[in-house]
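Subject: Two-chain model, handed over with notes

Hi,

Here is the structure I promised to pass on. Could you have a look at it before you read my notes?

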Amino acid sequence: MEEYAREPCPYRIVDDCGGAFAMGCIGGGVFQAIKGFRNAPSGMSRRLIGSMTAIKTRSPVIAGNFAVWGGMFSTIDCTLVHFRKKEDPWNSIISGAATGGILAARNGVPAMAGSAIIGGVLLALIEGVGILFTRISADQFRNPPPPTEDPAALGDPSSNFTFGTPTSQKQYQ
Amino acid sequence: MSDDFLRKPFSLAPAPAADEATTSNYTSGASKFSSGPVSPYLNYDSRYLQRAQPEFIFPEGANKQRGRFELAFSQIGTSVMIGGGIGGLAGVYNGFKATNALNQTGKLRRTQLLNHIMKQGSGTANSLGTLAVLYSACGVLLQYARGEDDHVNTIIAGSATGLLYKSTAGLRRCALGGAVGLGISSLYCLYLLAQERGNSSSPKFL
């Protein structure tokens, strides 16, 4: 059901990239505001200035990192959907691991392996929680038990089946 | 398809009797058809099926048109990607210029080029994306506050974006940023209005 709430695949990349950027920008802004406030020299105006400076310098960088992660993840996810012809939790886990690996590509092979493992485990956790919630919430959508299966309730099978009364067969109205 | 049937008056009555009398020799089948009982599903004025507006089925509880919030993430993502592309190209150019000036070759040159591309690309992507986030946030807030989505929202959100983005750089530059935002959003709105004048049924993008 939630697959219909998202964009179709190639456009999903742009959407996820933007969503990740917005999340990083706003979340990073709040985080850096607190951090800059705490780390600034004493005095209220200085603290506010430090907070503002931290937001201005750091939150776009955090947002950019988020956007790169989201865009890369979505790209690999869509590629996997295209080649495997199915959408399942393994897509997300594989693309999380691959994203972690690719984005650490300039730090050497051990760093790539570590980032890939972290990314895969993180995405596996997210997918596992999603599946768990689906299982829990599936109980309330269970069908009611079927009614009685007594064939006598269906009527006499020897009489012809008609719509309406048999006297009005020539009339349509 | 001609609309002739729309100009004629619609009548449920069978064909006139004079016609029937003159042509009864060879249209007995047709006259029999018109006088007999007709199914109510066939006996339906087809003008009711013709509507000027196309009709769509919407899921329950969904809006008829996508608002600013649904478009915000796509806009932000588009501007981040465009910024990354432009910044990356500029980084390639600047990197070639810097490495040629310093006579760097081989592995050093490759690393320097990558550094330039990464730095400029992420810088441009971040600033364009931040602008898009500010614009989208202002637009969404305005849409919720005013309860409608029109060109006034676009202009106000554009000006507010410029003002906010330059709000810490002094009063003059703040005003300059606001003026730039106002100018760009006004130009965009004029473009949209001209397009709407051109074809009245053009879709709305922003």
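First, the ground rules. This is a predicted model, so bear in mind that local features need pLDDT of at least 70 and side-chain atom pairs count only at pLDDT 80 or more, while totals for chains, interfaces and linings use all residues. Residues are numbered from 1 along each chain as its sequence is written, chains are lettered from A and ligands numbered from 1 in the order in which they are written, and side-chain values use heavy atoms, with hydrogens and water left out.

**The two chains**

Chain A has 4 helices and 0 strands, which gives the pattern α-α-α-α along the sequence. Helices here are DSSP runs of H or I with at least four residues, strands are runs of E with at least two, and both are numbered from the N terminus.

How much of each chain is buried? For chain A, 28% of the 173 residues count as buried; for chain B, buried residues make up 24% of 206. Buried means under 20% relative accessible area, exposed means over 50%, and partly exposed is in between, using a 1.4 Å probe and protein chains only.

As for surface, chain A exposes about 12500 Å², with carbon and sulfur atoms supplying 66% of that. Chain B comes to about 14700 Å² of accessible surface, 63% of it belonging to carbon and sulfur atoms. These areas come from the Shrake-Rupley method with a 1.4 Å probe, and for residues only the protein chains shown count as cover.

Now take the contacts (heavy atoms within 4.5 Å) with a separation of 6 or more. In chain A, 51% of them are between residues 24 or more positions apart, and in chain B that share is 62%.

**Annotated spans**

UniProt (unreviewed entry) places the feature "transmembrane region" at residues 61-83 and 111-133 of chain A. Residues 61-83 of chain A are 100% helix and 0% strand, with end C-alpha atoms 33 Å apart. For residues 111-133 of chain A the model also gives 100% helix and 0% strand, and 33 Å between the end C-alpha atoms.

In chain B, the UniProt annotation "transmembrane region" (unreviewed entry) covers residues 174-194. That stretch of chain B is 100% helix and 0% strand, and its end C-alpha atoms are 30 Å apart. UniProt positions are in the numbering used here, feature names are shortened, and annotations may be inferred rather than shown by experiment.

**The second largest pocket**

This pocket holds about 900 Å³ of space. Of the 30 residues that line it, the closest to its centre are A:G64, A:N65, A:V68, A:L103 and B:M118. On a 1 Å grid over the protein atoms alone, a pocket is an open set of points where a 1.4 Å probe fits, with protein on both sides within 12 Å along at least five of seven lines; lining residues have an atom within 4 Å of a point. Points are joined across faces, edges and corners, and the volume is the space filled by probe spheres set on them.

Which elements build the lining? At least two residues each come from α2 (44-84), α3 (89-103) and α4 (109-138) of chain A, and from α4 (68-102) and α5 (106-146) of chain B. α2(A) gives the most, with 8 residues. The lining divides into 17 nonpolar, 12 polar and 1 charged; Ala, Val, Leu, Ile, Met, Phe, Trp, Tyr, Cys and Pro count as nonpolar, Asp, Glu, Lys and Arg as charged, and the others, Gly among them, as polar.

**Some single residues**

B:S74 sits in helix α4 of chain B and counts as buried because its relative accessibility is 18%. Leaving aside neighbours within four places in sequence, B:S74 is in contact with A:V14 and A:D15.

B:L164 lies in helix α6 (residues 151-165) of chain B and is partly exposed, at 45% relative accessibility. With neighbours within four places in sequence set aside, B:L164 is in contact with B:L134 and B:C138.

A:K85, in the loop between α2 and α3 of chain A, has a positive phi of about 60° although it is not a glycine. A:K85 is exposed, at 67%.

Cheers
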